[in-house]
Amino acid sequence: MDLQVRYRDGMGRERLGTPGALRGLPVEQWPVLYEQRAYRGRRSKVRQWWSSTTKKEVSCRSLEHAYAAMFLDRDPCIVYLAAPSLQVEWREGERAGEVNPAFMARTAEGQQMLYLHSPDGREPDDQEWSVAQAAAAQAGWQVDVARAPGGQLRRNVYIVSQFRHDEFADAGARAVLLEAFARPLPLSRGADAVDLPPGQGRASSWNLLWTQDLTTRWEEPLTPDSHERVVALIQQEDKAQRGASAGTFSRLYKRVRAALRRAHPDEYRALMPGRTTFYDLLKRLGISAESLKAAPGRGSDATALPEPPYHPAPVSLLGERVEIDGTGLDVLALGDDGRPVAVELTYALDVLSRSFIAGMIVPKTSGRKKGPGSRRRGGRGTKSLDAALLLGQAMAPLAARPGWSPQALAANSDLPYAKMLAGDPRMAGAAARPVIRPKTVVVDNAKIFKARHFKDVCSMLGIEVESARERTPTDKAVIERTNASVKSMFSQFVAGYTGNSLATRGNDVDKERLWTLNELQDLWHEWVVTEWQRRPHEGLRSPFLPSLVLTPNQIYAAAVAVEGVVPRPVTPDESRKLLLQAKRTVTRDGIKIGNRTYVSHRIREFKNRHTGIKGQGRRWPVYYNPYEPSRVWLYDHTVEKDPARSPWVPFDFKYQHLICDSWTQYLWEKAADLVASLIGREGSEEEIARAVDDLLARARRGPSPTSTSVKPVAAFVPQPLEIAETPANPYAGITRAEPGSVTPALSLNVDAKDLFPGRRAALPSAVPEPAAPPASPGQPRPPRRRPAPAGAHSLGGSAGDIFRELAADPSERPAPRPDQDRPPPSHDPQET
């Protein structure tokens with residue numbers, strides 16, 4: 001039999017040699033030859049076992065493999081345990097094959113060990129065993145089988161393995177506990193009897209059991225009542241969530257973990273079972289997934305479509321393919337009017353890094369009809385404006401909110417913060433969410449994505465739009481699968497969770513304490529930066545170490561290192577073009593949008609003025625934001641090429657001074673309906689504005705202690721935009737005056753009538769003018785005219801005429817009339 005060993009040397013280079021050439025070499029310390037991989041279709045997955053002998057992680061192919069590593073790691077004879085660093089290749093005639101050891105180890109006597117392991121506890125076959133024995137004989141190794149006993153022994157060893165780390169191996173506590181356990185005592189009694197900080201005694205006792213300095217009856221449960229306590233908490237939490245909306249096993253697992261931490265903080269590590277043991281307990285207790293999916297008293301449809309195939313499109317660049325989709329969040333929130341309202345989430349997902357680059361939560365209501373055949377009014381949902389604002393949000397950093405964890409900051413994350421801050425100063429104090437400019441967005445056939453407004457915005461930002469085929473969710477399979485992840489990882493843990501159907505909805509969900517829309521939006525952003533972006537994703541693996549599962553932030557950092565990052569901020573002009581557009585004629589009253597009038601000091605420039613565009617007439621483009629309707633922007637295309645003038649002309653709401661707080665178009669419509677119901681007719685703009693201010697004032701005061709009626713909460717603004725211009729400084733260019741250099745003006749010692757020589761006021765005539773005859777009823781009344789000045793130099797004219805004459809050149813002034821007296825010369829030297 002011809003034997004060859006493939007390995008990596010100390011420099012990491014792959015080599016092939018005979019087993020005899022490796023005799024006496026520390027092969028167990030060499031780099032791992034091949035990382036363990038998780039293959040499609042395999043029920044097991046790669047796990048990492050932290051070895052207490054080497055203080056390093058050992059990759060394991062399955063959970064059974066990890067249990068075998070646990071028992072070897074606890075063996076006092078083993079002083080070095082590592083993943084296999086070699087592979088034995090054999091050839092005998094026309095037959096050939098390879099043997100992959102499970103572990104490499106070294107004993108306290110210096111003997112090198114090669115361990116084999118087969119799934120499900122089976123013994124290795126004869127060929128594998130004979131090849132390993134032959135290679136070990138040439139290299140001076142010994143071969144053995146790594147076994148993992150089951151039953152109560154495995155459960156007990158797994159419990160104490162949670163305390164194998166160095167933080168529990170305190171030398172002082174070790175000596176105190178060994179003295180306390182000089183005679184046999186129950187574990188809890190001996191740990192509590194010593195003078196150690198709370199919790200340290202029991203944790204150190206578990207560590208002594210791991211190192212085998214203490215022993216016990218391993219065939220019996222270490223804590224006889226631990227199983228009963230965990231079962232009692234499982235039944236308690238399962239009963240508590242029976243009335244709530246349906247969830248998954250992961251929610252029940254986290255509820256039990258939190259309850260166990262509260263009830264037994266000192267024994268939490270020892271009592272809390274692993275996920276596999278926890279699911280086995282649920283199965284033995286008769287708690288199934290079907291029992292969690294059906295709310296009491298409601299029927300459910302048992303038919304369900306199979307999951308579609310998962311075929312993501314290959315991508316290699318950030319933003320190369322960004323998928324956008326909307327989904328109901330299955331959560332109730334407190335609406336603007338103070339009533340529970342369903343919400344929907346529209347978000348953008350980068351396919352390469354699986355990063356959430358933008359997201360908006362919008363209320364969703366169907367509206368009402370006043371009669372058969374009438375139009376449905378009052379409905380709300382995601383509009384094309386929301387989709388356009390989503391693109392603007394993706395190109396800007398997410399500002400961290402007060403009260404967030406320090407781990408939510410980009411400076412404390414895996415993002416390349418230094419590079420991002422150098423390229424974009426807006427990253428200072430930003431949250432740990434990547435800024436990715438979409439190159440291509442993949443959308444479905446919803447109306448909001450077919451709207452002209454959304455397509456115009458994508459064209460302005462240089463984004464290509466790719467529409468998925470109808471009824472083909474696999475065209476954007478990544479985000480379709482992510483919809484379920486958002487609901488299972490975020491929605492079901494939020495107050496007001498309703499489940500995905502009426503059959504899974506809990507009792508009295510709308511009576512719970514609900515989040516407001518703005519608070520729910522901030523809560524979702526916080527979950528993205530603290531949970532999703534930092535959580536390893538099974539679809540993100542290193543191409544060099546396939547067993548290494550990465551987070552979205554780590555993939556983003558690796559992609560930035562390869563392709564770089566160039567920020568593409570949205571300018572204020574582009575931000576205004578994200579808003580909705582309407583063509584309006586400027587009249588002497590201003591601009592009319594809906595039932596609101598907007599005015600500006602530049603009305604006269606655009607009043608009944610032609611745009612100069614054929615087919616558009618006098619209708620100018622006006623951009624407005626329904627979430628901030630206090631101001632609109634008229635776009636003057638005639639001054640686009642003039643750098644000294646801005647093409648954006650702001651128009652403010654005529655009655656904005658009556659509304660103290662920020663408001664939205666939805667609140668305006670609510671106030672209009674309220675005014676119409678009170679006065680029996682459509683209210684004026686002033687009446688509706690006062691009603692909006694009254695709604696906001698009631699929101700600030702909050703509900704009265706004696707009132708049970710629903711009060712409005714606040715104006716909902718999902719995405720603020722940077723559209724305000726920098727105000728001009730009226731004192732720019734003026735030299736600042738020094739207080740000591742300013743001299744007071746001279747006082748006037750003449751009468752006001754003598755200020756302007758030669759310009760005397762015309763005296764009334766001593767002879768009264770004849771009265772005009774009364775006009776007949778049929779005769780039209782003559783128009784009233786301003787009386788003409790008495791002379792060219794008279795003060796009887798308007799102030800503008802007088803000062804225009806003073807500013808004119810003396811040679812151009814009209815000569816005084818001959819019949820007008822000249823003023824006497826002045827003898828006062830100070831007269832001006």
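User: How many residues apart in helix H22 are arginine 690 and glutamate 686?

Analyst: Arginine 690 and glutamate 686 both lie in helix H22, residues 685–701.

User: Good start! What kind of model is this?

Analyst: Numbering starts from 1 along each chain as its sequence is written, and side-chain values use heavy atoms, without hydrogens or water. Local features need pLDDT of at least 70, side-chain atom pairs count only at pLDDT 80 or more, and totals for chains, interfaces and linings use all residues, since this is a predicted model.

User: Back to that pair: how far apart are N and O in the salt bridge of arginine 690 and glutamate 686?

Analyst: A salt bridge is a side-chain nitrogen of Lys or Arg within 4 Å of a carboxyl oxygen of Asp or Glu. Arginine 690 is partly exposed at 48% relative accessibility, and glutamate 686 is partly exposed at 32%. Elsewhere, shared partners join Arg6, Arg8, Glu14 and Glu89 into one salt-bridge network. For arginine 690 and glutamate 686, the N to O distance is 3.1 Å.

User: How many helices and strands does the chain have?

Analyst: Helices (H or I, at least four residues) and strands (E, at least two) are DSSP runs numbered from the N terminus. Buried means under 20% relative accessible area, exposed over 50% and partly exposed in between (1.4 Å probe, protein chains only). Of the 832 residues in the chain, 41% are buried. The secondary structure comes to 23 helices and 21 strands.

User: Which two residues touch the most other members of the largest nonpolar core?

Analyst: A nonpolar core is a set of buried Ala, Val, Leu, Ile, Met, Phe, Trp, Tyr and Cys residues joined through side-chain atoms within 4.5 Å. In soluble globular proteins, nonpolar side chains tend to be buried together. The largest core here has 45 residues, and the members touching the most others are Ile324 and Leu391.

User: Which element gives the most residues to this core?

Analyst: Elements that each supply at least two residues of the core include strand S11 (322–334), strand S13 (355–364), helix H12 (384–394) and helix H15 (452–461). With 7 residues, the element that gives the most is H12.

User: Are aspartate 325 and lysine 476 buried or exposed?

Analyst: Their side chains meet in a salt bridge of 3.3 Å, N to O. Aspartate 325 is in strand S11 and lysine 476 is in the loop between strand S15 (464–467) and helix H16 (477–489), so the pair, 151 residues apart, links distant parts of the chain. Both residues are buried.

User: At what angle do helix H8 and helix H10 pack?

Analyst: Two packed helices are described by the angle between their axes and the distance between the axes. Axes are lines fitted to C-alpha atoms, for helices over the stretch in contact, with angles from 0 to 180 degrees between N-to-C directions. In the contact, Phe249, Ser250, Leu252, Tyr253 and Val256 of H8 meet Arg275, Phe278, Tyr279 and Leu282 of H10. Helix H8 (residues 249–263) and helix H10 (residues 275–284) have axes 11 Å apart and pack at about 105°.

User: What is the phi of arginine 354?

Analyst: Arginine 354 lies in the loop between strand S12 (340–350) and S13. Its relative accessible area is 8%, so arginine 354 is buried. Although arginine 354 is not a glycine, its phi is positive, at about 55°.

User: How far is the C-alpha of glycine 93 from that of methionine 1?

Analyst: Glycine 93 is in the loop between strand S6 (86–92) and strand S7 (95–99). With a relative accessible area of 65%, glycine 93 is exposed. Glycine 93 and methionine 1 are 92 residues apart along the chain, and their C-alpha atoms are separated by 8.0 Å.

Conventions. Contact = heavy atoms within 4.5 Å.
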